[in-house]
Structure formats: C-alpha cells, structure tokens
Amino acid sequence: MADETRLDEGDANPGFALPDSTGAIVRPEDFAGSRLVVYFYPAAFTPGCTTEACDFRDNLASLQAAGVAVVGISPDTVERLAEWREAEQLPFPLLSDEDHAVAEAWGAWGTKVVGGEERVGLIRSTFVLGPDGTVESAEYRVDPNGHVGRLRAQLAAVR
C-alpha cells in the first residue's frame, strides 16, 4: 500500500504521463526549468476539492509570475475533469489517474479517515518540484482551506 511510500525533499519525482481534460498527455518534463506544484485531490465537484482548485485558480497569476506552474491529479475520468474545468473556469491542467497508479507511486493513495470511517483512497497531497524535477517539498493529508496561501508563503521562503 502507498501508505508506506512517502516522498521527501531531494527525492527524484516518480514521474507521470497522464491525460488532461482534453486528452493530451502531460508529463513533469513539460515544465522543465520551472517550479511545478503537483497536487492530488480526491474528486472533482466535491466541496473540499472545489475550494482548493478555485484557490489555485484565483492565485495562479501570482504563482506564474513567480515561475511556478500548477497541475492537479485525481482518479476522475477525462470527461469529468473537462466538465469540472469548464464549470469552475480552472486554467491549469487537470490530469486523470483513473487506476491511481501515479497516486500510489507518489504516496498519495492509501488509508484515510472520512467521516469517522477508515477507507482506502486518494490522500490529498501537494508536491513542489524544482526546475530540475527533484522534490522540493512533499505534504500529505493537506487541509484544502487556506492551502494555497500557505503554499505561496512556503514558495516565497525557498526562492
């Protein structure tokens, strides 16, 4: 189980090659030379995921001005991501990891507690990759409320 897999600062990223909401394949290498926020979220159209995605949307210009790109990854289908991207006007890539193999490789799939019940599923997680693709930071079990503000402060501190 991915509960035992955790990435740390300085690790090489496990990579991914996933379809976005248009079906185009996206890889970390597509962002070489820039810092990249890779965030994993459980499901489109849910309250916490929408809060987090809209927070990234609303802060994207300042992140991009600082040389930071953003991609979101979930087990949703490409079609579901396309609907959500349009509904919320999300201007960054949303990637489909339906078999959750990428989430497992990044340590973002495992046991979690939802509504007091233990389940296996996607663990809300955020990673910052440096321009060379190595992991600058890894955060698991992220609270979506205020997350982007905390992340922006962290990014500014390690510039």
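Just after helix α2, Gln89 adopts a positive phi of about 55°, helices here being DSSP runs of H or I of at least four residues and strands DSSP runs of E of at least two, both numbered from the N terminus. The model is a predicted one, in which local features need pLDDT of at least 70 and side-chain atom pairs count only at pLDDT 80 or more, whereas totals for chains, interfaces and linings use all residues. Residues are numbered from 1 along each chain as its sequence is written, and side-chain values use heavy atoms, with hydrogens and water left out.

Helix α2 itself spans residues 78-88, and its buried residues are Val78, Leu81 and Trp84, where buried means under 20% relative accessible area, exposed over 50%, and partly exposed in between (1.4 Å probe, protein chains only). Viewed down the axis of α2, these buried residues fall within an arc of 125°, so they line one face of the helix; the arc is that of the directions from the helix axis to the C-beta atoms. The face of α2 turned away from the buried side carries the exposed residues Glu79 and Glu86. The cover over the buried residues of α2 includes β1 (18-19), α1 (47-65), β4 (68-74) and β5 (94-96), contact being defined as heavy atoms within 4.5 Å.

Helix α1 also contains Ser62, which counts as partly exposed at 31% relative accessibility. The side chain of Ser62 is joined to that of Arg152 by a polar contact of 3.3 Å, a term that denotes a pair of N or O atoms within 3.5 Å, of which, within protein, one must be able to donate a hydrogen and the other to accept it, residues adjacent in sequence counting only if both atoms are side-chain atoms. Ser62 and Arg152 are 90 residues apart along the chain, and their C-alpha atoms are separated by 8.8 Å.

Strands β6 (residues 109-114) and β7 (residues 117-122) run antiparallel and are joined by 6 bridges, two strands being taken as paired if DSSP finds at least two bridges between them. Val113 stands opposite Glu118 in β7. The two strands form a hairpin with 2 residues between them, and Gly115 in the turn has a positive phi of about 60°.

A search of the whole structure for disulfides, defined as pairs of cysteine sulfur atoms within 2.5 Å, finds 0. Cys49 is in no disulfide, the nearest cysteine sulfur, that of Cys54, being 11 Å away. Cys49 is buried, with a relative accessible area of 1%, and Cys54, at 12% relative accessibility, likewise counts as buried.
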